[in-house]
Amino acid sequence: MYRIGQEEIDAVARVIQSKNLFKINDAMHETEQCEALMREIFGAKRALLMTSGTGALTSALVGMGIGPGDEVVLPTYTYIATAMAVVAVGAIPVIADIDETYTLSPAAFEKKITPRTKCVIPVHIQGFPCNLDAICAIADAHGIFVLEDACQADGGSYKGRRLGTIGKAGALSFNQFKVISAGEGGAVLTDDDVLYQRALIYHDASAIAYFGNQLAGVTEPQFCGAELRTNEVAAAILHQQFLKLDGILGDLRKNKAALTARIESVCRIGASNDIEGDCGTTLPVVFDTEAKARDFCGRYGRGSFLPIDTGKHIYSHWTAIMETRGAFHPALDPFKHPANAPFVPDYKNEVFPVTQDMLSRSVFLPINPDWTEKELDEAAAAVRAAL
Ligand SMILES: Cc1ncc(COP(=O)(O)O)c(C=O)c1O
């Protein structure tokens, strides 16, 4: 989260004064308004706010009808939640290597396709847009759904289209560490009515039938699901955050470009699938060796890091997945389900050369949207000094 202040305080105060904090109400309708704003910003037919990005990924997979017997391809470099959402619907995560853009390699994805592959989740990690042209073309050719994990890329775009709206569905996160935030939060974006209806039912299975007319126009039958419902306080904050989104992204991109211009003659900047659409949250710098990357990172400081050190963002640190414990009860464990058991990957022994190579000899420099020219000069001077 980058910018939060009086607008959010006033919005929350209005909700509290209305004494209507539940999302179905006759007062502020903050959730409805925020979803309407999201539809406008993203150009998506449907936007469904909820409590987390993990919930959004899970709801979207439920919406696609993914379940036991299905495989879902996702990259090595993403937060564990991406893989856990797949397991939550009873399917099997199949892990594929990244490429030099730090995002899912289309070629590696294609190699992992089997007759059981029903979905691929390209992850726009660190706000870096995936190669969606290539990924969507491969997915379309095989009848595979594309679910964009845009949880680290709220508002970013690829070739002029917002991330999360190019595949069949997209998931956003609004937790503390995202471009915009309400502390926690998430959303599903889609143009598909059936997917939306199923995600709607799943995310609020206990209350959907009993409050307001939320089932008006819903033709999908009700089924048991989860409770991932948002509330008016979170929606009021997010509404204000969405109004700030493009300003934040514009300044992040401006400062990322400005730092790049100041240092690109002295270091190698990581490749991008679409630098214009990139959220601009971090600038990747690539070194020849891990030792050089570590040395640089230690000298530069300023919140920089080697992606290989980011723990649960790297597949080998996904303990529950690596050790194939898919549920709290063995009978509910997708890794033990007869439809899946013969096809569970040997996660611990898989080798992903590009992941190991790129993540260990890259350093990510955080970008601040509020840097002044002087601060940009200081950051650039610090890069040169560290080099
Ligand atoms: C790539 C990615 N996917 C999914 C999630 C899950 O989002 P949340 O924490 O809102 O559940 C995160 C959160 O950090 C993430 O970084």
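## The second largest pocket

In this predicted model, helix α2 supplies the largest share of the lining of the second largest pocket, namely 4 residues. Together with α2 (30-42), the elements β1 (46-50) and α7 (193-203) each give two or more residues to this lining.

The second largest pocket holds about 500 Å³ of space. Its lining comprises 21 residues, and those nearest the centre are Glu32, Glu35, Tyr196, Asn213 and Gln214. By class, the lining has 7 nonpolar, 8 polar and 6 charged residues.

## The largest pocket

The volume of the largest pocket is about 740 Å³. A set of 35 residues lines this pocket, with Gln152, Asn175, Phe177, Lys178 and His313 nearest its centre. Two or more residues of the lining come from each of α3 and α4, and α3 provides the largest share, 3 residues. The lining divides into 14 nonpolar, 18 polar and 3 charged residues.

## The ligand and its surroundings

The ligand takes up the space of the largest pocket. The elements that give two or more residues to the shell around the ligand are α3 (53-64) and α4 (80-88); α3 gives the most, with 3 residues. The shell has 16 residues, of which Gly53, Thr54, Asp149, Ser173 and Lys178 are the closest. The shell consists of 5 nonpolar, 9 polar and 2 charged residues.

A polar side-chain atom of Thr54 is 2.5 Å from a ligand oxygen. For Ser173, an N or O atom of the side chain lies 2.7 Å from an oxygen atom of the ligand, while for Gly53 a polar backbone atom lies 2.7 Å from a ligand oxygen. Of the 380 Å² of accessible area that the ligand has on its own, the protein covers 92%.

How values were computed. Residues numbered from 1 in each chain as written. Predicted model: local features only at pLDDT ≥ 70, side-chain atom pairs only at ≥ 80, totals over all residues. Heavy atoms only, no water. Near = heavy atom within 4 Å. Polar contact = N/O pair within 3.5 Å; in protein donor to acceptor, adjacent residues only side chain to side chain. Areas by Shrake-Rupley, 256 points an atom, 1.4 Å probe, with all protein chains shown as cover. 1 Å grid on protein atoms, 1.4 Å probe; cavity = no way out; pocket = protein on both sides within 12 Å on 5 of 7 lines; lining within 4 Å. Sits in = over half its atoms within 2 Å of the grid points. Nonpolar A, V, L, I, M, F, W, Y, C, P; charged D, E, K, R; others polar. Points joined across faces, edges and corners; volume = space filled by probe spheres on them.
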